[in-house]
Amino acid sequence: MNSEEKDPKKRKEDEFVESVMSSNFMEDSAFKFITSVERENGYPVASYILKTLGFEFDRIENVEVQKEYISLWAKAVRPDVTVRTNSILVTLDMQNEKEADLADRVMEYAISVALSSSQKGEKYRILDHKTWVVFLCNFDLFGGGEVVYTFQMGGKDFEKYFKGFEMGIKIVNLKAARKLKGDELGTLARDLDERDPHKMESNTFKYAAKNYKLKEEGRNKMSSEARKIYEEGMKEAKKEAKKEAIRERSIEVAKDMLESKEYSYEQISKISRLSMAEVRNLAVSYS
């Protein structure tokens, strides 16, 4: 057994890479990869996904993985993929598990992305931007039986006063979409769920999957990108763990100060670095 096999960190990284290489494109790391590669060819997979979802644009200008957006809440918003075209900005998020707060997170994403979608150096002119948040879900988020749930603010209803502004949300029920026959959305949903490139229906996905799953050069690139995604994920996890540890310590300090009854809320907030609202909420347990 060599040293690499004995290294748990290296072993975990190898296992992650293998899972990405062998998975379908519903696996979020594989999804990030397949939509962000082939910059020189105009991001064909990203373009195909957006057009299948009904978005109109002339060209894709950029695709970024886990771009961070300023949030009105404490946590940063990091969609899986951000696609900026010549006319709209669309974020794509792959969801395989139905979480209790997912609907709330969708709204948080939409507001945060719309508020901070200006590029660095641009003037802060939110109304010039058309932003859409898309969640591709392997389940029916709202239980209404719809294939696509669409919510929109803007368009013609706002055109008279707020020209150019548009903010929308699309929730795609991939499980239901896979049953559609003779429909591009059904083809997309089935291809995302298919591991074998030979069985894919769309030429776009079939070409991309063959290139990156079967050809040595493509597999090497996919493997390399998967390792980058893994490393970034580990860095982010460590950063979040550090933040959480600091926050837990701040809460403990605030609790001790509250229990002593010798400090004002303002003093506790300043010393613990918690907000006044957080200090007041903690105080409820001591009232």
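By class, the lining of the largest pocket has 23 charged residues, 13 nonpolar and five polar, where Asp, Glu, Lys and Arg count as charged, Ala, Val, Leu, Ile, Met, Phe, Trp, Tyr, Cys and Pro as nonpolar, and the others, Gly among them, as polar. This is a predicted model, in which local features need pLDDT of at least 70 and side-chain atom pairs count only at pLDDT 80 or more, while totals for chains, interfaces and linings use all residues. Residues are numbered from 1 along each chain as its sequence is written, and side-chain values use heavy atoms, with hydrogens and water left out.

The 41 lining residues include Lys-32, Gln-66, Arg-78, Asp-80 and Glu-236, which lie nearest the centre of the pocket, and the space within the pocket is about 1,200 Å³. Two or more lining residues come from each of α3 (28-36), β1 (60-65), β3 (89-95), α5 (102-115) and α10, with α10 giving the largest share, 12 residues.

Helix α10 (residues 216-260) also meets helix α9 (residues 203-213): their axes come within 5 Å and cross at roughly 85°. The two helices are therefore roughly perpendicular to each other, a term that covers angles of 65 to 115 degrees. On the α9 side the contact (heavy atoms within 4.5 Å) is made by Asn-211, Tyr-212 and Lys-213, and on the α10 side by Gly-218, Arg-219, Lys-221 and Met-222; by class, these are three charged, two polar and two nonpolar residues.

Helix α3 packs against helix α4 (residues 44-52) at an angle of about 100°, with the axes 5 Å apart, which makes α3 roughly perpendicular to α4. Here Phe-31, Ile-34 and Thr-35 of α3 touch Val-45, Ala-46 and Ile-49 of α4, and this contact has five nonpolar residues, one polar and no charged.

As for confidence, the protein chain averages a pLDDT (the predictor's confidence in each residue, from 0 to 100) of 83, and 86% of the residues score at least 70. Over residues 124-128, pLDDT stays under 50. Where pLDDT is low, the predicted coordinates should not be read in detail.

Key:
Axes are lines fitted to C-alpha atoms, for helices over the stretch in contact, and angles run from 0 to 180 degrees between N-to-C directions. Helices (H or I, at least four residues) and strands (E, at least two) are DSSP runs, numbered from the N terminus. Angles under 35 degrees count as roughly parallel, over 145 as roughly antiparallel, 65 to 115 as roughly perpendicular and the rest as oblique. On a 1 Å grid over the protein atoms alone, a cavity is a set of points where a 1.4 Å probe fits but cannot get out, and a pocket is an open set with protein on both sides within 12 Å along at least five of seven lines; lining residues have an atom within 4 Å of a point. Grid points are joined across faces, edges and corners, and a volume is the space filled by probe spheres set on the points.
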